[in-house]
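Visitor: Please put the structure up, and I will ask about it piece by piece.

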Amino acid sequence: MLTVIMECRDQEPELAQTLAVLVAGAIDGLVSDVVVLDHGSSDGTARLAEAAGCRFYRQWSMAEILNAARGDWILLVEPGARPQNGWIEEICEYVASSRKPAQFSASRLHRRPFLKRIGRRPPLEQGLLMTKGEALAAATAGGDLDHIARGRKAQRLSSELVPSWVARQNRRPTA
């Protein structure tokens, strides 16, 4: 019922964190497939995605990716983002009763510093849940996942999402 799509570039540790959370959604029958769109990673992103059963693409057409999505709903997230407790039940309930896009609530435990909260935040910082049809309509204008999400009005879910910048911030430098 739900296809998760992420874009990556050398984000193997962050991708692993997101995939670990999505496993519960797959077990409960919510997540039908995960798509990883790669922008030239040189780390283990491809191996991780393939080992986890994701569809992995180095080259793609966004319309083709969305057409091939198994789910009727699309969840766009950044690698490293982690939905918190209750997200599976809430999304199941939401998609059964609405057709409008939705976003997770910001994590109360992980807030950006005040000055970084002023202005525009990245379009996928809180993820974006939308119907496959709406995603396809947005994809015809071209672009990446940010392009599809930019300017989209979305309902706020009560489930929180730890944003991807937390995982990047906590990443240990490689030697």
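**Confidence, helices, cores and single residues**

Guide: Of the elements in the protein chain, α5 has the lowest mean pLDDT, 62, while β4 has the highest, 98. The model is a predicted one.

Visitor: What is the mean pLDDT of the protein chain?

Guide: Of the residues in the chain, 91% reach a pLDDT of 70 or more. The mean for the protein chain is 90.

Visitor: Which residues of helix α4 are exposed on the face turned away from its buried side?

Guide: In α4, residues 87–97, the buried residues are W87, I88, E90, I91, Y94 and V95. They cover an arc of only 165° around the axis, so they sit on the same side of α4. An α-helix has 3.6 residues a turn, so residues three or four places apart point the same way. The face of α4 turned away from that side carries the exposed residues E89, E93, A96 and S97.

Visitor: Why does A96 count as exposed?

Guide: A96 is part of helix α4. Exposed means over 50% relative accessible area. A96 is therefore exposed, its relative accessible area being 69%.

Visitor: Which element gives the largest share of the largest nonpolar core?

Guide: The largest nonpolar core has 30 residues, and L2, V4, V34, W87, I91 and L129 touch the most other members. Elements giving two or more residues to this core include β1, α1, β2 (31–38) and β8 (155–162). Five residues, the largest share of this core, come from α4.

Visitor: How many residues are in the second, separate core?

Guide: Among the members of this second core are M62, L124, A135 and L145. The core is separate, and its residues number 18.

Visitor: Which elements do the buried residues of α6 pack against?

Guide: Helix α6, residues 132–139, has K132, A135, A138 and A139 as its buried residues. Their arc around the axis is only 125°, which means that they lie on the same side of α6. The elements they pack against are α3 (62–68), β4, β7 and α7 (145–149).

Visitor: What separates the C-alpha atoms of I74 and T131?

Guide: I74 belongs to strand β4, residues 73–76, and counts as buried because its relative accessibility is 0%. Leaving aside neighbours within four places in sequence, the contacts of I74 include L128, L129, M130, T131 and K132. I74 and T131 are 57 residues apart along the chain, and their C-alpha atoms are separated by 5.9 Å.

Visitor: Is Q126 buried or exposed?

Guide: Q126 is in the loop between α5 (114–117) and β7 (128–131). Not counting residues up to four places away in sequence, Q126 touches Q103, F104, S105, A106, S107, R121, R156 and L161. Buried means under 20% relative accessible area. At 4% relative accessibility, Q126 therefore counts as buried.

Visitor: Which residue has the backbone oxygen that the side chain of Q126 reaches?

Guide: S105 is among the residues that Q126 touches. At 3.2 Å, the side chain of Q126 reaches the backbone oxygen of S105.

Visitor: What is the phi of D10?

Guide: D10 is in the loop between β1 (2–8) and α1 (12–27). With 26% relative accessibility, D10 counts as partly exposed. D10 is not a glycine, although its phi is positive, at about 50°.

Visitor: What is the relative accessibility of N85?

Guide: The loop between β5 (82–83) and α4 holds N85. The C-alpha atoms of N85 and V21, which are 64 residues apart along the chain, are separated by 9.8 Å. N85 counts as exposed because its relative accessibility is 78%.

Note on methods:
Residues numbered from 1 in each chain as written. Predicted model: local features only at pLDDT ≥ 70, side-chain atom pairs only at ≥ 80, totals over all residues. Heavy atoms only, no water. Helix = DSSP H or I, 4+ residues; strand = E, 2+ residues; numbered from the N terminus. Buried < 20%, exposed > 50% of the residue type's maximum accessible area, 1.4 Å probe, protein only. Polar contact = N/O pair within 3.5 Å; in protein donor to acceptor, adjacent residues only side chain to side chain. Contact = heavy atoms within 4.5 Å. Arc of directions from axis to C-beta. Core = buried A, V, L, I, M, F, W, Y, C linked by side-chain atoms within 4.5 Å. pLDDT = per-residue confidence, 0-100.
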